[in-house]
Amino acid sequence: MTPFARDQWYVIAYAHEVGRELLARTVLGEPIVLYRTEDGRAVALADRCVHRRYPLSESSLVGDTVVCGYHGFTYDTKGACVSVPGQTRIPRTARVAAYPLVEIDEFVWVWIGDPALADETAVPRAEHLAAPGWVTVKGMEPIACDYGLLVDNLMDLSHETYLHGGYIGTPEVAETPITTEVDAEAGVVRVSRHMEDAECPPFYARSTGIEGRIRRHQDIEYFAPCLYLLHSRISPVGRDEPVFRTEITYAITPSAPGHVYDFWAVSRDFATEDEEVTDFLAKFNHTVVMQDVDALNLLQRALDAEPADYQELSINIDAGGLAARRMLAGLAAR
Ligand SMILES: NC(=O)c1ccc[n+]([C@@H]2O[C@H](COP(=O)([O-])OP(=O)(O)OC[C@H]3O[C@@H](n4cnc5c(N)ncnc54)[C@H](O)[C@@H]3O)[C@@H](O)[C@H]2O)c1
Ligand SMILES: O=C(O)c1ccc(O)c(O)c1
Ligand code: FES
Ligand SMILES: [Fe+2]
C-alpha cells in the first residue's frame, strides 16, 4: 500500500458542495464533517461525537452549531462542546477536532496532521479553476483503489492510447518519449510529452473545431501529494496560432486504505461562451474518467488476489510515476 503522508493539505470537497447540509468525507482514514456557517465560512470537524462516537454528519445543523443526532451534545465551529443534555456542567474534554481549512480556487483544502504546522501559504494553486476568462467542468468519483494507483495512472499518460482510444488517446501519445524533472525542494514532479505532428482525438477536435493534425504538448506538474495539473496546449500543425489552452486538474485525495477520491476538472480559455462545447466536455471527460475508474477498480482487485511481493516491471514511460512514488514515500517518512 502507498503510505499516507500526514502534515499535508488535501482537497476534501469542491466549494459548491459545502453548504447548509452536513457533508461527510473521510480523508487519510479520518472521518470529517463539513458545513458552512450562516455567514458563509466553511467548517471541518471530526465526524465522531465525543460522547458515544455517533457520526455528527447524521446530526442537525442549528445556526452555526452541530447538535448530535443521538443525545444532543452540541458543538461550535471550533469543535468545542457548548451544551450537553441533562446538566449544566460541560466536561472539559468535551470537544472534537476542528481541521485547519483553506478555501481557494473552488477547492476546500483541509490540513491532515498537526494543526500547529498548517501553513496556509503552502496550499498549491489551480487558479484557472476560478479565474476570469476560464470555463471549467468538473466532478468527483470515488475509486476503490490504493491512491498510488491513481497517481501512477495520471503520471503515465501513455495509457491514453489504449484505455482512452477514440476519446483522448491517439497512437502518438504512446509513441512519443517523455522528459521527467524532479524538484525535490518544492515537492513537484514534472513530466512533459511534446507531440509535434499528431492525430487530433475527438476530445480536442470537437472542442477546438480543428480538423487536421495537431501539435499537442502535455506538460504535467504534480504537486505531491494531492494536486495534479496537466497543461495541455494544442494548435494545428504548420500554424503556431491559435494555441488552444486546456488545463486538466486532478486532486488525488486518499480516503482510507484502498479508497481514493478522484476530483477532476477541465478548464479552457477558448469558446468560453459556447455551451455545446461546455456540455460536450463535461460528458466526454466524465466518460474518460469512468474508463480510468473502471480500470483502477479492476486493477486493485487483481492486485488484491496476488502475493504482495510481486516484482513489477518498469520501463521508460514509468519515470514520472516512479519519481512520484519516491516523493510520496519521502513525505510519508517525514
Ligand atoms: N516542463 C515543461 O517542459 C513545461 C513546458 C511548458 C509549460 N510548463 C508549465 O506549464 C505551465 C503553463 O505555462 P504557461 O501558461 O505560462 O505557458 P503557455 O500557455 O505559454 O504554454 C507554453 C508551452 O506551450 C507549448 N506550446 C507553445 N506553442 C505551442 C503550439 N503552437 N502548439 C502546441 N503547444 C505549444 C510549449 O510546450 C510551451 O512551452 C507553467 O506552470 C509551466 O511551468 C512546463
Ligand atoms: O491528455 C489529455 O489531453 C487529457 C484530457 C482529458 C483528461 O481527462 C485527461 O486526463 C487527459
Ligand atoms: S453520541 Fe453524540 S450525544 Fe451521544
Ligand atoms: Fe486516464
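Q: Why is the space taken by ligand 2 called a cavity?
A: In this predicted model, the space taken by ligand 2 is the largest cavity. A cavity is a set of points where a 1.4 Å probe fits but cannot get out, and a molecule sits in one if more than half of its atoms lie within 2 Å of its grid points.

Q: What makes Glu-160 a polar contact of ligand 2?
A: A polar side-chain atom of Glu-160 is 2.5 Å from an oxygen atom of ligand 2. The cut-off for a pair of N or O atoms is 3.5 Å, so the pair of Glu-160 and ligand 2 counts.

Q: Which distances do Gln-218 and Asn-285 keep from an oxygen atom of ligand 2?
A: For Gln-218, an N or O atom of the side chain is 2.9 Å from an oxygen atom of ligand 2. For Asn-285, a polar side-chain atom lies at 2.7 Å from an oxygen atom of the ligand. Both values are within 3.5 Å, so both pairs are polar contacts. On its own, ligand 2 has 300 Å² of accessible area, and the protein covers 98% of that.

Q: What makes a residue part of the surroundings of ligand 2?
A: A heavy atom within 4 Å is enough. Ligand 2 is surrounded by residues including Ile-168, Phe-203, Tyr-204, Arg-216 and Leu-230. The shell has 6 nonpolar, 2 polar and 2 charged residues. At least two residues of the shell come from each of α4 (202-208), β14 (214-223) and β16 (244-256).

Q: What makes Leu-149 and Arg-325 stand out in the lining of the largest pocket?
A: The largest pocket holds about 1100 Å³ of space. Among its 33 lining residues, Leu-149 and Arg-325 belong to those closest to its centre, together with Asp-152, Leu-303 and Glu-312.

Q: How do you know which element gives the largest share of that lining?
A: α5 supplies 6 residues, the largest share. At least two residues each come from α1 (147-155), α2 (159-163), α5 (275-304) and α6 (319-333). By class, the lining of the largest pocket has 17 nonpolar, 8 polar and 8 charged residues.

Q: What lines the second largest pocket?
A: The second largest pocket has about 380 Å³ of space. Its lining has 21 residues, and Gln-8, Ala-122, Ala-186, Gly-187 and Ala-224 are the closest to its centre. β1 (8-14), β10 (107-112) and α6 give two or more residues to the lining.

Note on methods. Residues are numbered from 1 along each chain as its sequence is written. Chains are lettered from A and ligands numbered from 1 in the order in which they are written. This is a predicted model: local features need pLDDT of at least 70, side-chain atom pairs count only at pLDDT 80 or more; totals for chains, interfaces and linings use all residues. Side-chain values use heavy atoms; hydrogens and water are left out. On a 1 Å grid over the protein atoms alone, a cavity is a set of points where a 1.4 Å probe fits but cannot get out, and a pocket is an open set with protein on both sides within 12 Å along at least five of seven lines; lining residues have an atom within 4 Å of a point. Grid points are joined across faces, edges and corners, and a volume is the space filled by probe spheres set on the points. Helices (H or I, at least four residues) and strands (E, at least two) are DSSP runs, numbered from the N terminus. Ala, Val, Leu, Ile, Met, Phe, Trp, Tyr, Cys and Pro count as nonpolar, Asp, Glu, Lys and Arg as charged, and the others, Gly among them, as polar. A polar contact is a pair of N or O atoms within 3.5 Å; within protein, one must be able to donate a hydrogen and the other to accept it, and residues adjacent in sequence count only if both atoms are side-chain atoms. Accessible areas come from the Shrake-Rupley method with a 1.4 Å probe; for residues, only the protein chains shown count as cover.
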